[in-house]
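Have the viewer open as you read.

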Amino acid sequence: MDPLRDSWGREIKSVRVSVTDKCNFRCTYCMPAEGLQWLGREEILTFEEIARLVGVLARLGVDEVRLTGGEPLVRRDLPLLVEMLAQTEGVRDLSLTTNGILLDRLAGPLVSAGLRRINVSLDSLNHVRFAEITRRDALDAVLRGLEEAERHPELNPIKVNCVAVKGFTETEVPALADLARRKPYVVRFIEFMPLDADEAWREDDVLTGAEIRAIVEECYGPLLELPAKASSTARRFRFADGVGELGFVNPVSEPFCSNCDRIRVTADGQLRTCLFSRREWDLKAALRGGASDDELIRLIRFAVQHKELKHRINDPGFVRASRSMSQIGG
Ligand code: SAM
Ligand code: SF4
């Protein structure tokens, strides 16, 4: 089968599948304190629908699948879905992004189901600061989740994601970087993007990867750059003395759109070709309307033909995405 390619020549190899829009955190850079209007149960794709879609995408060469949300671990019986996807022909790389609060209970079942990679979000190692940014007093639970993940060597690598917000993250950087010196984790700093539901993002709120790197090097000496895959969103570094790795994901200061190989499926079955898309493609209606695999493939190819060249965060007159991060599936 011909590979899935957009009209700019980029081959699509990776899909992020949101399994729920709900979340048990209220991170300030993502959700309002009062939460959002959640989707109804009927609106959300079933595991069978997700597995069918992933199977069709895998036939098109999309071999990397990441489950996300909202908070994916609040979706009931998630290990069942992981098992279904791990057994799907053509799925080479199955991973999950989580806030980690339920991970101490679920790491074992997820690994048994076939999960091999995990990203845990962690914005501070200080209890007060953690509660300030997530609006939940849950640091200990997340750290227990990480420890439990570490007990499963099958989960490799363990990545820790921190959203870098100016005026907040600077003080958290030394401890988070030190985590990557002490532990075999890949700690990644991700620039804050205008995807917060509160629409409070301003350009000045972005703490860039370069600024964070300077803070780290001030504390721990020069970092050594590691080679990264062409499609990688992160620049990778290691310490002269340390077991883990640091990564900088710089979508605002160093956009990587020209290498983007990714599409997204929202919890309610809408295909998005960019985080910043204003347009969605209704896969759920096709699935529930009895579309054949060939019809789904035609719709997916057509949508991908319209994949945006790049995000326009830095352009004058930038228009925000039609939904916020937790509703899209980050
Ligand atoms: N709830 C899970 C979590 O927090 O890991 C998965 C979903 S969350 C939307 C996925 C990722 O998006 C997380 O690493 C989160 O920190 C990141 N994120 C959320 N809002 C963001 C924003 N406005 N800019 C950059 N990254 C953001
Ligand atoms: Fe929830 Fe993740 Fe958004 Fe935080 S970033 S509110 S954990 S979906």
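Two strands pair if DSSP finds at least two bridges between them, and strands here are DSSP runs (E, at least two residues), while helices are runs of H or I with at least four residues, numbered from the N terminus. This is a predicted model, in which local features need pLDDT of at least 70, side-chain atom pairs count only at pLDDT 80 or more, and totals for chains, interfaces and linings use all residues. Residues are numbered from 1 along each chain as its sequence is written, chains are lettered from A and ligands numbered from 1 in the order in which they are written, and side-chain values use heavy atoms, with hydrogens and water left out.

Start with β2 (residues 64-68), which runs parallel to β3 and pairs with it over four bridges. Glutamate 64 has aspartate 93 as its bridge partner in β3. As for β3 (residues 93-98), six of its six residues are buried, meaning under 20% relative accessible area with a 1.4 Å probe, protein chains only. In a regular strand, side chains alternate between the two faces of the sheet. Here Asp93, Ser95 and Thr97 are buried on one side of β3, and Leu94, Leu96 and Thr98 on the other.

Beyond its neighbours within four places in sequence, leucine 85 is in contact (heavy atoms within 4.5 Å) with residues including Val65, Leu67 and Leu94.

Finally, look at ligand 2: the residues around it, with a heavy atom within 4 Å, include Cys23, Cys27, Cys30 and Ser326.

Definitions and conventions. Buried < 20%, exposed > 50% of the residue type's maximum accessible area, 1.4 Å probe, protein only.
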